[in-house]
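Here is a short briefing on pockets and strand hairpins. Look over the sequence and the structure, then read on.

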Amino acid sequence: GENVEQHPSTLSVQEGDSAVIKCTYSDSASNYFPWYKQELGKRPQLIIDIRSNVGEKKDQRIAVTLNKTAKHFSLHITETQPEDSAVYFCAASRENTGFQKLVFGTGTRLLVSP
Amino acid sequence: EAGVTQFPSHSVIEKGQTVTLRCDPISGHDNLYWYRRVMGKEIKFLLHFVKESKQDESGMPNNRFLAERTGGTYSTLKVQPAELEDSGVYFCASSRQSNTEAFFGQGTRLTVV
């Protein structure tokens, strides 16, 4: 089955710096890759996703890149702000057989210091 | 629009007891999913309902776990009898279609002592 590895487990940056979180997946049939943000005590929320037919997607300060050959995808946050502090989860699934049968990474705790 | 609601938010029970978790999906969402995060590890898929039917229950860990969604509205997840390793956060999510964004609840933190 699918296995998703996520690094780093913790990431501390200064406000204004960029943050990069990386994930690798094992199932070459996976074609849907969402990223979730979970603030302390709150629910996980989808912040961006990418499908395997594109290599990059951007939404304001957040971008995700996908390398299908290497089977890895990354989340990039630019100009980080204290409110970006949260746990970020990457995930993977097969869109045609289990879109929400997500396999998650172990999470990255991002701390943005003012 | 109200979000996905889970009850209780926290539950502490003794090993061997029974606990029932409840999830109220967003109104109109036929698809309902259960996930859990054990001991700070990854969030793992448990099962998927489409209305009242179990579409995929391949992630259910063992027969001590029973999920139901009578009437296709809210869902319950019962653990009987609970074991120490069942401790974790149980998340519910719902989506309108099976290929659209799923919205998560805040989770139920279960502690088995």
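**Largest pocket**

- The largest share of the lining of the largest pocket comes from β11(B), which gives four residues. Strands (E, at least two residues) and helices (H or I, at least four) are DSSP runs, numbered from the N terminus.
- The model is predicted: local features need pLDDT of at least 70, side-chain atom pairs count only at pLDDT 80 or more, and totals for chains, interfaces and linings use all residues. Residues are numbered from 1 along each chain as its sequence is written, chains are lettered from A and ligands numbered from 1 in the order in which they are written, and side-chain values use heavy atoms, without hydrogens and water.
- The volume of the largest pocket is about 680 Å³. A pocket is an open set of points on a 1 Å grid over the protein atoms alone, where a 1.4 Å probe fits, with protein on both sides within 12 Å along at least five of seven lines. The volume is the space filled by probe spheres set on the points, which are joined across faces, edges and corners.
- The largest pocket has 30 lining residues, and Q38(A), G41(A), K42(A), V89(B) and R109(B) lie nearest its centre. A lining residue has an atom within 4 Å of a point.
- Two or more lining residues come from each of β9 (86-92) and β11 (108-113) of chain A, and from β1 (5-7), β9 (88-95) and β11 (108-112) of chain B.
- This lining has 14 polar, 10 nonpolar and six charged residues. Ala, Val, Leu, Ile, Met, Phe, Trp, Tyr, Cys and Pro count as nonpolar, Asp, Glu, Lys and Arg as charged, and the others, Gly among them, as polar.

**Second largest pocket**

- The second largest pocket has a volume of about 440 Å³.
- It is lined by 21 residues; E2(A), K101(A), L102(A), V103(A) and F45(B) are the closest to its centre.
- α1 (95-98) and β10 (103-104) of chain A and β5 (43-50) of chain B each give two or more residues to this lining. The largest share, three residues, is from β5(B).
- By class, the lining has eight polar, seven nonpolar and six charged residues.

**Hairpins in chain A**

- β6(A) (residues 56-59) pairs with β7(A) (residues 62-67) in the antiparallel sense, over four bridges. Pairing requires at least two bridges found by DSSP.
- D59(A) has I62(A) as its bridge partner. Two residues lie between these strands, and Q60(A) takes a positive phi near 55° in this hairpin.
- β7(A) also pairs with β8(A) (residues 72-77), antiparallel over six bridges. Here A63(A) has H76(A) as its bridge partner.
- The hairpin of β7(A) and β8(A) has four residues between the strands, and K71(A) takes a positive phi near 60°.
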